[in-house]
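Colleague: I have a model open and would like to learn how to read it. Could you take me through it feature by feature?

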Amino acid sequence: MNPRLDQPLRLGTRRSKLAMSQSGHVAEAVRAITGRPVELVEITTYGDVSREHLAQIGGTGVFVTALRDALLRGEVDFAVHSLKDLPTAQPDDLVIAAMPQREDARDALVARDGLTFEQLPDGARIGTGSPRRTAQLNHYARSLGKRIETVPIRGNVDTRIGFVRDGELDAVVLAAAGLNRIGRGDEATELLAVDHILPAPGQGALAVECLASNADLIAALGELDDPYTRAAVTAERSLLAALEAGCSAPVGALADLLADGQIVNEMRLRGVVGTLDGSTLVQLSTTGPVPQSYDEAMALGRELADEMLAKGAAGLMGERSL
């Protein structure tokens with residue numbers, strides 16, 4: 001039975017300004033592909049209402065479960081997630097039909113007085129709710145011969161940047177993609193180089209998810225899929241899964257494509273895991289042909305994870321921020 005073209009597709013989204021912006025972009029693209037109206041259905045997730053720090057409430061899945069439940073109950077037709085929020089295990093009855101082209105994967109520093117990280121004073125107070133950022137920021141500071149104090153924060157972009165504007169913190173670290181998607185990228189005082197701060201696996205990418213049984217919708221949403229983004233993110237998430245780490249562990253990963261002129265011929269995958277104080281990091285990379293299948297991308301991640309575990313990564317991940 002083909003749905004009537006005037007019957008709206010229901011897109012499930014979190015209520016935050018950032019989530020609504022991300023979902024709005026996807027909705028416009030789906031309207032263009034299907035010729036059908038798309039309405040946003042706002043859903044509150046546990047991660048949105050809990051005031052606990054993400055590391056305490058488990059991190060993985062807290063922004064996702066309510067959206068997935070709405071899909072399974074038939075209250076929405078598809079949902080948009082930030083890929084870094086998705087657990088690495090995929091439910092059998094749901095499918096990620098599209099991973100659109102990725103935004104900037106880097107972390108952004110928003111500091112007082114236009115400062116870069118290297119210009120921050122010794123003892124600077126930097127806000128972040130992420131153990132991954134905490135570990136790498138502390139390591140970066142150590143490499144510069146100074147120390148910083150990382151302060152756990154929660155809240156939306158306005159709240160976080162507000163801590164700097166109000167003088168409570170010297171700086172905060174946010175995903176560059178989030179700032180860009182709400183038109184505030186120019187507020188970053190520095191985009192942190194991935195040589196110093198590797199992003200979260202999947203950072204900057206979106207996942208468009210629907211029921212595995214909805215073949216027509218899967219086919220339509222598939223037109224939004226970017227194969228390079230999918231290969232890169234699959235490798236990053238495979239590394240995370242193989243390290244048996246949820247997003248409460250200080251794991252960073254980034255797969256980027258290496259081009260020879262205009263021809264993309266290799267993918268480099270970098271991974272890092274470290275202690276929260278930044279005293280010890282295990283950081284490795286591997287380069288190989290661009291994965292041509294899901295299995296090849298998964299294998300790339302697992303191989304690098306095995307090398308990291310052999311270098312002592314498992315011992316570093318025992319530490320949790322509680």
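Colleague: Which elements do the buried residues of H1 pack against?

Modeller: This is a predicted model. To read a helix's packing, take its buried residues and see what touches them. For helix H1 (residues 17-34), that gives strands S1 (9-13), S2 (38-42), S3 (78-82) and S10 (206-211). Helices H7 (176-181) and H8 (215-221) pack there too.

Colleague: Which residues of H1 are buried?

Modeller: Ala19, Ser21, Gln22, Ser23, Gly24, Val26, Ala27, Val30 and Thr34. One of these, Val26, also belongs to a core of 16 residues. That core includes Ala98, Val208 and Leu224 as well.

Colleague: How many residues does H1 have, and what length does it reach?

Modeller: Compare the end-to-end distance with the expected span. H1 has 18 residues and reaches 25 Å from its first C-alpha to its last. Just after H1, look at glycine 35: its phi is positive, about 75°.

Colleague: What does the same check give for H9?

Modeller: The 16 residues of H9 should span 22 Å, and its end C-alpha atoms are 22 Å apart, so the two values agree. After H9 comes glutamate 244, which has a positive phi near 55°.

Colleague: What covers the buried residues of H9?

Modeller: The cover includes S11, S12 and H10. The buried residues of H9 are Thr229, Ala231, Ala232, Val233, Thr234, Ala235, Glu236, Arg237, Ser238, Leu239 and Leu240.

Colleague: How many residues are in the largest nonpolar core, and which have the most contacts inside it?

Modeller: For a core, ask who is in it and who holds the most contacts. Here it has 18 residues. Leu239, Leu243, Met267, Leu269, Val273 and Met308 have the most contacts inside it. Helix H9 (227-242), strand S11 (251-260), strand S12 (263-274) and helix H10 (294-310) each give two or more residues. H9 gives the most, with 5.

Colleague: What does leucine 269 touch?

Modeller: Skip residues up to four places away in sequence. Leucine 269 then touches Ala235, Glu236, Leu254, Ala255, Leu284, Ser285, Thr286, Leu300, Gly301 and Leu304.

Colleague: Now a surface case. Is glutamine 101 buried or exposed?

Modeller: Exposed counts as over 50% relative accessibility. Glutamine 101 has 66%, so it counts as exposed. It lies in the loop between strand S4 (94-98) and S5. Glutamine 101 still has contacts beyond four places in sequence: Leu224, Asp226 and Thr229. Its C-alpha is 7.9 Å from that of tyrosine 228, 127 residues apart along the chain.

Colleague: How many aromatic pairs are there?

Modeller: There is 1. Phenylalanine 117 and tyrosine 140 are stacked, 4.5 Å centre to centre with 15° between the planes. Both phenylalanine 117 and tyrosine 140 are buried.

Colleague: Why does the pair tie together parts that are apart in sequence?

Modeller: Phenylalanine 117 is in the loop between strand S5 (107-111) and strand S6 (124-127), while tyrosine 140 is in helix H5 (residues 131-143), so the pair links parts 23 residues apart in sequence.

Colleague: What sits over the ring of phenylalanine 117?

Modeller: The charged end of lysine 146 does, 5.8 Å from the ring centre.

Technical notes. Residues numbered from 1 in each chain as written. Predicted model: local features only at pLDDT ≥ 70, side-chain atom pairs only at ≥ 80, totals over all residues. Heavy atoms only, no water. Phe/Tyr/Trp six-rings, centres within 6.5 Å; stacked < 30°, edge-to-face > 60°. Helix = DSSP H or I, 4+ residues; strand = E, 2+ residues; numbered from the N terminus. Buried < 20%, exposed > 50% of the residue type's maximum accessible area, 1.4 Å probe, protein only. Lys NZ or Arg CZ within 6 Å of the ring centre and 35° of its normal. Core = buried A, V, L, I, M, F, W, Y, C linked by side-chain atoms within 4.5 Å. Contact = heavy atoms within 4.5 Å. Expected span 1.5 Å × (residues − 1).
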